[in-house]
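The following note sets out points for a colleague who has the sequence and coordinates at hand. Please read each point alongside the model.

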Amino acid sequence: MTVERLNAAGQPVKPPLTQISAQTGSLADYTRLAREHMEAHAWAHIESGADQGLTLAHNRQAFDRFRLCPEPLADLSGAHTRQSLLGQSLDWPLLLAPVAYQQLAHPEGELATARAAMAMRTGMVVSTLSSCTLEAIAQAAQAAAQELGRSGPLWFQLYQQPAREHTLQLIRRAEDAGYQALVWTVDAHIKRSSYPLPPGVEAVNLRGMPQQRQTGDLMSEHILFGSELARSAPTWDDLVWLRQQTRLPLIVKGLLSARAATQAVELGADAIVISNHGGRVLDTAVSALEVLAAIRAATPAHVPLLMDGGVRQGTDVLKAIALGASAVLLGRPQMHALAVAGMLGVAHMLYLLRAELELAMAQTGCASLDQIGSGLLTTC
């Protein structure tokens, strides 16, 4: 007997749209609509933050603290949003963040997202916990790029595995599939997660690899400290080892202090993603945006800094660039758009965000990214 899938409103889950309504004009619209197109438990999982959700809310509030100072009369005749990042060309300073299990939002999952990213000349970071294999995602991206004559960087996000041999297997698979950088995530090895994946959705890249989980057994000798999960958490020695295993650019994701960012660069990191994992791992943690300027001041100027957490508008991208970011990563909104309209939804969502960024740059008198500086910002 087939069990009817219900959304958060208790209604049957709506199928993905095949065309976008003219009334869908912002990322907020996609968030509102996605609630109707996703199964209730999946929606709750994607939208959740750690504990009381204070960090999740604070990520958004950090952007809202800043106001922009318009600068009219600028010459915009040659304006553009291009830049080079780790020797790779970006048409605009945004990449899709590594979001796990995208088949929770749409049957095509990461395959649809990859096609949309290439269509919109946007970089994509593919999660270790993707619901499609990393090889299939790379093939989908490469086929779309060839068909459309458009492309963006394709990076692989790496979660460290309990055994280094399995971590190395993932690295070699990513290299062989044509990924252009590794994004090593260090802040989410230990986190709470009680969401059971529905049938047909799994971490396909990790098939055959042992996984460690916190048991929650009241009679266990250890809660976290002293457990295998804690002993296998990433360390600085692992960064040194990783740097020795690949020639790909190595990006460390999940740092929030100048000290940690500086040490990561000293040990071989090519770039840093300042991130609190979308508010999903430690409640009351600082936001990436509020520590961005301090980390920029402490790290060498040639080292790119990226950030994520709370990006929902083109003005958010501009604010992050003004405070020292080279680019931002976008997480939950890609799942919202994917649920609403698959590849078409993700592509349209990216179009909206880029249009907002270009408008914000025009209004603040910035014809290129290198003209965006902290002088455009004031706090309220």
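Which residues does Ser 127 touch, not counting residues up to four places away in sequence? The first point below takes up this question; the model under discussion is a predicted one.

1. Ser 127. This residue lies in the loop between strand 5 and helix 5. Not counting residues up to four places away in sequence, Ser 127 touches Pro 98, Val 99, Ala 100, Phe 156, Gln 157, Tyr 159 and Asn 205. With one of these, Gln 157, the contact is polar: the two side chains are joined at 3.4 Å. Ser 127 has a relative accessible area of 4% and is therefore buried, the cut-off being under 20%.

2. Ser 130. The loop between strand 5 (123-126) and helix 5 (134-148) also holds Ser 130. Ser 130 counts as buried because its relative accessibility is 0%. Its side chain makes a polar contact of 2.8 Å with the side chain of Asn 205, and a polar atom of that serine side chain lies 2.7 Å from the backbone oxygen of Cys 132. Leaving aside neighbours within four places in sequence, the residues in contact with Ser 130 are Tyr 101, Glu 110, Ile 137, Glu 202, Ala 203, Val 204 and Asn 205.

3. Helix 2. Ala 42, Trp 43 and Ile 46 are buried in this helix, which spans residues 40-47. Viewed down the axis of helix 2, the buried residues fall within an arc of 100 degrees, so they line one face of the helix. They pack against helix 1 (27-37) and helix 12 (332-363). At the start of helix 2, a side-chain oxygen of Glu 39 comes to within 3.0 Å of the backbone nitrogen of His 41.

4. Helix 9. In residues 258-266, the buried positions are Ala 260, Ala 261, Ala 264 and Val 265. These fall within an arc of 135 degrees when seen down the axis of helix 9, so they line one face of the helix. The face turned away from the buried side carries the exposed residues Arg 259 and Glu 266. The packing partners of the buried residues are helix 8, strand 8, strand 9 (271-274) and helix 10 (288-298). Just after helix 9, Gly 268 adopts a positive phi of about 120 degrees.

5. In soluble globular proteins, nonpolar side chains tend to be buried together. The largest nonpolar core here has 105 residues, of which Tyr 179, Ile 272 and Met 307 touch the most other members. Helix 12 provides the largest share of this core, 15 residues. A second, separate core of 14 residues includes Leu 95, Val 125, Val 273 and Leu 329. As for Ile 272, its contacts beyond four places in sequence include Ala 261, Ala 264 and Val 265, which are among the buried residues of helix 9. Other contacts of Ile 272 include Ile 251, Val 252 and Leu 255, as well as Pro 304, Leu 305 and Leu 306.

6. Second largest pocket. This pocket holds about 410 Å³ of space. Its lining comprises 19 residues, and those nearest the centre are Val 186, Asp 187, Pro 234, Gly 254 and Leu 255. Helix 8 (236-245) and strand 8 (250-255) are the elements that give two or more residues to the lining. Strand 8 gives the most, with three residues.

Definitions and conventions
Residues numbered from 1 in each chain as written. Predicted model: local features only at pLDDT ≥ 70, side-chain atom pairs only at ≥ 80, totals over all residues. Heavy atoms only, no water. Buried < 20%, exposed > 50% of the residue type's maximum accessible area, 1.4 Å probe, protein only. Helix = DSSP H or I, 4+ residues; strand = E, 2+ residues; numbered from the N terminus. Arc of directions from axis to C-beta. Contact = heavy atoms within 4.5 Å. Polar contact = N/O pair within 3.5 Å; in protein donor to acceptor, adjacent residues only side chain to side chain. Core = buried A, V, L, I, M, F, W, Y, C linked by side-chain atoms within 4.5 Å. 1 Å grid on protein atoms, 1.4 Å probe; cavity = no way out; pocket = protein on both sides within 12 Å on 5 of 7 lines; lining within 4 Å. Points joined across faces, edges and corners; volume = space filled by probe spheres on them.
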